[in-house]
Amino acid sequence: MKRRSEEIFFKSLMLISLFIVLSILIGIIAVVIARGISALNISMILETPKGGYYLGKEGGIANAIVGSIYLAFGASILSTLISLPVALALQKEYINRHFANFSRLMLDILWGTPSIVYGAFGFIVMVYFGLRASLLGGIIVLTLLMIPIMVRSMEEVIRMVPHELKEVSYALGTTKLETALAVVLKQSLSGIVTAILLAFGRGIGDAASILFTAGYTDYIPKSIFDPVASLPLAVFFQISSPIPEVQERAYASSFILLCIVIIVSLVSRFLVRHFSRHIVR
Amino acid sequence: MSHISIHNLYVTYGNQKALQNITIEIPDSQITAIIGPSGCGKTTLLKSLNRLLELNDDVKVTGKVLIDGENIYNPKTDLLALRKKVGFLSQRPYPLPMSIYENIAFGPKIHRLTGEQIIKQIQGLSSSDVLKIDNIKNNDPMDMLVECYLSLAGLWDEVKDRLNEPASRLSIGQQQRLALARALAIEPEVILADEPTSALDPISAQLIEKQFKLLKKRYTIVVVTHILRQAKRIADYVIFLYMGELIEHGEAKNFFQDPKDQRTKAYISGEIS
């Protein structure tokens, strides 16, 4: 009898925890919509701010939407290009176990490093090279921020590829590279996409790292050397404005940011389902 | 000359001795079964023949394995060419994460076979009477190759209408025949099979055994098995390992009827397993 009630107790505990987590998400969305709905309209998405992002009640946040998309997609592409080879290199085929474990530890420390530290580091490097805050600077710093997240999550799924699968591939006379590209990456594709999404989510939502490096502007950048606005910073500036109408716009901006994250997640999950039909389970 | 001859082969995993002083010739165009209790080094011996052992950590191999007179443990050996020459069938089939068609075409593509080479390979196959190729109307060499090797593995009729489906959707018995076709498609001289039927149902297992008996005309086959009855059914030559040592080997008939060593007798009679 005692064991039965234990079972019931822990099952309810798990369900309650799950419910709490889900209600947090629902709560965030509800608050954002409730507070921002009055400011949410089509010009919010299509226009740049009128009267400045800090005080202006008119216009929209197209500058920040476009900026965030540039920053997050640019950084995601760049860091995928760097992280994939790194994640493959951490496998035992390429480097010895001790060096791999050491690298993992370093990456975990980088993962835990606050993004403002990345921002400060990026700022110092940019000052050294005489660069000013720009789209390029923002993309580079976001890339640095994303790499540890991507590498560690990609590497976890790549390590899950069964040894026997690689063995049959090698037995056909493939090189390590051919097996990695044609078999290992294909087999771990869905996990790799999840890793990219995780990093994308962190990147598009991060404010501190791009505060000094990407800057902020009311305009849409014309080149990668122009400063660029971003949604997290738009939220930050609007919410710290003394004018209530501008504060409402902060919630509308948050809502748009959430929508972008949700849309990107859904689309990539759909794509993964399409592409991962060959996976051996 | 024998394709495979092994001289004074020792294998250790860390401090653990897996194989000790193995010296043996493996006969051509026959099925050789490696038998023995679990953990006696059967798979180690098999994987030493295409150097798959090296993928494990801390493996040390000494001694010589000659294939076509060449020591494969010579540092100058072309590993990729060796593995092309020696096909491998694993215990559980692992289809590559691609379609049925691509699974077969993968090896030839990796080895960059030209259309001409593929056609030559198919002609060689048809003249060796393991496979009758009469009405192949396809013009694309790769399509022809895929059809040939799937037929050779006894799978063509079951999959010909769904070549572009993921290989993972096949039943496990079909997957093992796909693995066989995939191994054959790079036209090896030797086929190594590591308990190839242990994950299969009896009917699929029987199909694999049947294909092996057919294929031995053209290929040298080495099978690891822990099923004594399977060895009796298919083997022409038997190698008995016990605790990493080669105890006895010989023609299957003599081996089973008249074993010399006490341990072999005990194993065959079922006193040890």
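Modeller: A crossing is called left-handed if the near helix is turned anticlockwise from the far one by less than a right angle, and right-handed if clockwise. This is a predicted model, where local features need pLDDT of at least 70, side-chain atom pairs count only at pLDDT 80 or more, and totals for chains, interfaces and linings use all residues. Residues are numbered from 1 along each chain as its sequence is written, while chains are lettered from A and ligands numbered from 1 in the order in which they are written.

The pair is helix α5 (residues 115-128) and helix α6 (residues 135-159) of chain A, packed at an angle of about 135° with axes 10 Å apart. This angle makes α5(A) oblique to α6(A). Helices are DSSP runs of H or I, at least four residues, numbered from the N terminus; axes are lines fitted to C-alpha atoms over the stretch in contact, and angles run from 0 to 180 degrees between N-to-C directions. Oblique is what remains after under 35 degrees (roughly parallel), over 145 (roughly antiparallel) and 65 to 115 (roughly perpendicular).

The crossing of α5(A) and α6(A) is right-handed. From α5(A), Ser115(A), Tyr118(A), Gly119(A), Gly122(A) and Met126(A) make the contact; from α6(A) come Gly137(A), Ile140(A), Val141(A), Leu144(A) and Leu145(A). Contact requires C-beta atoms, placed from the backbone, within 7 Å. By class, these residues are six nonpolar, four polar and no charged, with Ala, Val, Leu, Ile, Met, Phe, Trp, Tyr, Cys and Pro as nonpolar, Asp, Glu, Lys and Arg as charged, and the others, Gly among them, as polar.

As for the contact between the chains, 21 residues come from chain A and 23 from chain B. The chain B side has 14 nonpolar, six polar and three charged residues.

Note on methods. Contact = placed C-beta atoms within 7 Å. Helix = DSSP H or I, 4+ residues; strand = E, 2+ residues; numbered from the N terminus.
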